[in-house]
Amino acid sequence: MTRKSKMSKNNELNATHLYNKDDELEVVIDALGSEGEGIAHIDGYALFIKDAVIGDKVLVKIMKTKKNYGFARLINIIEPSKDRVEPRCPIARQCGGCQIQHYAYDAQLAYKQNKVTECFKRIGHFGDEIDTMMEPIIGMEDPYYYRNKAQFPVGKNKEGEIVTGFYASRTHSIIDTSHCYIQAEVNEELLNIVKDFMKEEEIPPYDEENHTGLVRHILTRVGFVTGEIMVCIVINGSKLPSHEKLVDRLTQVKGMTSITINVNKEKSNVILGQKVKTLWGQGYITDYIGDIKYQISPLSFYQVNPVQTKRLYETALEYADLSGNEIVWDLYCGIGTISLFLAQKAKQVYGVEIIPQAIEDAKKNAEINNIENAEFFVGAAEYLMPEKYEESEGQMSADVVVVDPPRKGCEEALLETIVKMNPNKVVYVSCDPATLARDCRYLCDNGFELKRIRAVDQFGHTGHVEAVVGLQRKDT
Ligand code: SAH
C-alpha cells in the first residue's frame, strides 16, 4: 500500500467518525480553495466553507460529507479574520460573479500567488526552487470597475417581471441588479435602456426551462482607451421586433459604436450563437493595448481587464527576451493581441487560433497597425501544429513559442510538437495554474527548464489568477 492510500484510509475513518449531516461545529479557516472558498483542516479532513476567509473563526453546519472532505455552510462568524473586509457590493455574497470581495485586496493577492506556487509543487512536482523563482504578483491599483466585457442573462422573476443581472452562485437564477462593482460603469445605463425597451414593447425574455421567449443575454464591451461601446443582444430567434426604437435610445449613449444581435436558438448553456447581424454602426469596436490598436467583434476573445492585460503582455514580452531576429509562434492567439505585441520586437510571428472570426480580426489588426511580419492560421493548435510539422518534414522550427490556452491547458500532441520544434524559449500564459503546472512538468521532462514565473491579477475579487512562465531549453 502506498503512503497516499494509507493516508486516505485514515481520513476515511476520521470522516465517518467525526461528522454527520446537520452537525454544527466551530472551526478556524486555514486555507482558501481553488474557487476562493474557505477550508478548515481538522485532523487531516478538509471542510469547505463558502464565504469564509483565512483566519475566520466560524460556526458552520455540515451539509455533505465525503471520504476525505466535506462541505459546510457558514452560520455565524465568531471572530473575523484580520483580513476580512466589508464588501462594497451589497449582493457580493449571493452573486456568483465575485467570490472573495470580503477579503482584503492584499490578502487576495497573497492567496493568488500562493495558489500558483502550490500548483507547481503539488501538481507539477517542482521543489522549493519555485519559492525563490516566483516574482511578486502584479496587482491592480484600483480593483473595481475593471472589466471591459459583461454578459448579463435576461429572464423573469416569480412575479413575471423582466430581470437582468448575474447568476446567483452555482445556480441559474438571476439576481436582478444593474450596478456591478467590477464592470464598466456605463453598463447600468445600457441595461436599463434594454430592459425598459423590452417592457414597453412586451418582448419576452428567454425561458431556459421551456426554451421559449426571445432575449437571452445582453453582451456589452467597452474600449477603455477609445471609449467605444458595443451592445449585442443575444436572441432565441432571427429578429428583434421594433429594434429601431432600441437603436434610437442606445445611440444616445456617448461612445456607442456597435449594436448587433446574435442568433442563438440552441437549447444549451452556451451564451453566443454563430451568427451576428449588425443593427447599427460597425460590427465591432476598437481599443488599444499599449500602442497597438485592436478591432474586437462580439464572437472574439479579448482579455477582460485591459489595464492588467498590458502588464501581462509586457511580462510575456520580457520573458520572450526578443532581439528582433526571432521566429515566434503565438498559439491560441485570439485576435492576435500577443502576436502583434511581440511582432514589434521579432522577425516574424505566426498566430494560431480556433475561431475563424478571431483570425479575421487578427489579420485586420495587423493591417490597421501596419504590421507586416505577422501571419495567422485558423485551426485547433493540437491538430494544426503537428500537421504543419509533418508537412515540413521536421524542418519547421521556432526561436520562441508562446501559448495562451483556455483553462484546460495544452493537449499533449501540441506540447510534443513544441518540443520537436526545438525553440530556445517557451512563454506560457495561463488562466489556470493547475493545467499550467501540469504542462510545465511535461516541458521540463522533455528538455526545458523553468526560468521565471509571475502571477498577474486580471480578475480582482474572484478566485481566478493569471500567470506567465518563462521556460528555456536546457542546452542553450
Ligand atoms: N492570446 C489571446 C487569447 C487567449 S484566450 C489573448 O491574450 O487575447 C484562448 C484562446 O484560445 C481563445 O481565443 C480561444 O478561442 C482559443 N482556443 C481555444 N481552443 C483552441 C484550440 N484547440 N486551438 C487554438 N485555439 C484555441
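Because the model is predicted, local features need pLDDT of at least 70 and side-chain atom pairs count only at pLDDT 80 or more, while totals for chains, interfaces and linings use all residues. Residues are numbered from 1 along each chain as its sequence is written, and side-chain values use heavy atoms, with hydrogens and water left out.

A salt bridge is taken here as a side-chain nitrogen of Lys or Arg within 4 Å of a carboxyl oxygen of Asp or Glu, and by this rule the count comes to 20. One of them joins the side chains of Lys245 and Glu201, with an N to O distance of 2.6 Å. Lys245 lies in helix H5 and Glu201 in helix H4 (residues 187–201), so this pair ties together parts that are 44 residues apart in sequence; helices (H or I, at least four residues) and strands (E, at least two) are DSSP runs, numbered from the N terminus. Both partners count as partly exposed, Lys245 with a relative accessible area of 36% and Glu201 with 25%, where buried means under 20% relative accessible area, exposed means over 50%, and partly exposed lies in between (1.4 Å probe, protein chains only).

Asp445 is exposed at 52% relative accessible area, whereas Arg441 is partly exposed at 21%. Salt bridges that share partners also join Lys50, Asp51 and Arg93 into one network. In another pair, the side chains of Asp128 and Lys121 meet at 3.5 Å, N to O; here Asp128 is exposed, with a relative accessible area of 58%, and Lys121 is partly exposed, with 23%.

Charged residues also occur in a positive surface patch, which is formed by Lys239, Lys265, Lys275 and Lys277. Patches are made of residues with over 30% relative accessible area and no salt bridge, like charges being joined within 9 Å and nonpolar side chains (Val, Leu, Ile, Met, Phe, Trp, Tyr) within 5 Å. Lys277 belongs to strand E14 (residues 275–281) and is partly exposed, its relative accessible area being 31%.

Strand E17 (residues 327–331) is mostly covered, since four of its five residues are buried. Strands count as paired if DSSP finds at least two bridges between them, and E17 pairs with strand E18 (residues 348–353) in the parallel sense over five bridges. Within this pairing, Leu331 stands opposite Val352 in E18.

Most residues other than glycine have a negative phi. Tyr145, however, has a positive phi near 50°, and this residue is found in the loop between strand E7 (134–138) and strand E8 (149–156). Ser242 likewise has a positive phi, of about 50°, although it is not a glycine. Ser242 is placed in the loop between strand E12 (229–235) and helix H5 (243–250), and with 30% relative accessibility Ser242 counts as partly exposed.

Notes. Areas by Shrake-Rupley, 256 points an atom, 1.4 Å probe, with all protein chains shown as cover. Lys, Arg positive; Asp, Glu negative; His and termini not counted. Charge placed at Lys NZ, Arg CZ, Asp CG, Glu CD.
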